[in-house]
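Here are my notes on the model you sent over.

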Amino acid sequence: MQLYQSLFQLTAGIAHEINTPLGVGITASSLIQGAGDLLANAVKSGVLGQRLLHQQLTDIKEGTELVESSLRRVALLITRFKELTRDQTELDANTFSVQESVQKLLLAFSPELQIAKVSYHLDGNKVILTAPESLFLDLIQELIKNSLDHAFQGIGEHSFTIHIGQHEGSLLLTYKDSGPGMPADKLPRLFEPFFTTLRGNANHCGLSACRIHNLVENNLHGSVNVTSPPGEGLCYKIHLPLKPVS
């Protein structure tokens with residue numbers, strides 16, 4: 001019953017998230033069609049003037065922008081759904097140095113971080129982890145992208161820190177950004193599918209934090225706790241077993 005309940009809730013969420021941009025797209029396409037018909041009739045009747053032409057071309061431009069925005073949102077949702085599906089694939093574990101692996105990822109991110117004026121600091125101990133390295137790197141990448149999308153929107157310098165350590169036989173990964181954080185009343189909803197503080201923005205669908213939670217708990221068999229002290233950014237404390245859970 002719990003499985004079916006979760007399935008129904010997820011299905012309802014997916015239907016709502018896709019239906020909204022589709023509805024906007026359909027309305028906008030009707031606007032474009034109406035403007036086109038009006039122009040065609042004006043040309044046929046020989047009454048097309050500069051004012052009418054300008055007005056209808058403006059409506060067509062606004063309509064096409066709405067259609068493009070709606071289609072981009074649907075495409076983003078589909079991409080995120082595919083990522084979540086891919087995460088369910090069982091991957092073989094390999095042994096790697098966490099610090100070296102994260103350092104390589106940060107190097108790959110450097111151009112994007114420089115453009116966004118984001119600095120980072122990586123410190124801690126050398127920890128060896130046995131897990132699917134690609135999924136672990138997906139987790140780090142998702143944490144950084146989430147900060148870029150949500151925490152680093154204002155003008156000025158931004159930063160994040162990654163600390164690697166061990167605690168009671170497990171990897172302790174601490175990730176903290178310098179963003180505005182999240183209000184205490186919204187923080188408990190952070191990992192809910194489709195929850196986002198940027199509702200209405202076509203580039204955000206509210207699945208980033210959900211995927212972080214899924215990668216940590218379902219794929220890497222760990223745990224994650226998030227805090228947001230007043231005036232500070234989000235701080236993720238992630239515990240992962242050093243070896244595969246039997």
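1. Start with I162. Leaving out residues up to four places away in sequence, I162 touches V102, L106, H121, L122, D123, I140, L173, T174 and Y175. Keep in mind that this is a predicted model.

2. Which residues have the most contacts inside the largest nonpolar core? They are I162 and Y236, and that core has 42 residues. Helix 4 (residues 133–151) gives the most to it, namely eight residues. There is also a second, separate core of five residues, with I18, F81, L207 and C210 among them.

3. Now strand 5, which covers residues 170–177. Seven of its eight residues are buried, so the strand is largely enclosed by the rest of the structure.

4. Have a look at the turn. Strands 4 and 5 make a hairpin with two residues between them, and E168 in the turn has a positive phi of about 50 degrees. H167 has S170 of strand 5 as its bridge partner. A polar atom of the S170 side chain also lies 2.8 Å from the backbone oxygen of H167.

5. Is S170 buried or exposed? Its relative accessibility is 12%, and the cut-off for buried is under 20%, so S170 counts as buried at 12%. Not counting residues up to four places away in sequence, S170 touches G165, H239, L240, P241 and L242.

6. On to the aromatics: the structure holds four aromatic pairs. For F96 and F136, the ring centres are 5.7 Å apart and the planes sit at 50 degrees, so this pair is tilted. F96 lies in strand 1 (residues 94–97) and F136 in helix 4, so the pair ties together parts that are 40 residues apart in sequence. Both F96 and F136 are buried.

7. Which residues form the aromatic cluster? Y120, F160, Y175 and Y236 do. Two of these names have come up already: Y175 is touched by I162, and Y236 is, with I162, one of the residues with the most contacts inside the largest core.

Key. Residues numbered from 1 in each chain as written. Predicted model: local features only at pLDDT ≥ 70, side-chain atom pairs only at ≥ 80, totals over all residues. Heavy atoms only, no water. Buried < 20%, exposed > 50% of the residue type's maximum accessible area, 1.4 Å probe, protein only. Helix = DSSP H or I, 4+ residues; strand = E, 2+ residues; numbered from the N terminus. Pairing = 2+ DSSP bridges. Core = buried A, V, L, I, M, F, W, Y, C linked by side-chain atoms within 4.5 Å. Contact = heavy atoms within 4.5 Å. Phe/Tyr/Trp six-rings, centres within 6.5 Å; stacked < 30°, edge-to-face > 60°. Polar contact = N/O pair within 3.5 Å; in protein donor to acceptor, adjacent residues only side chain to side chain.
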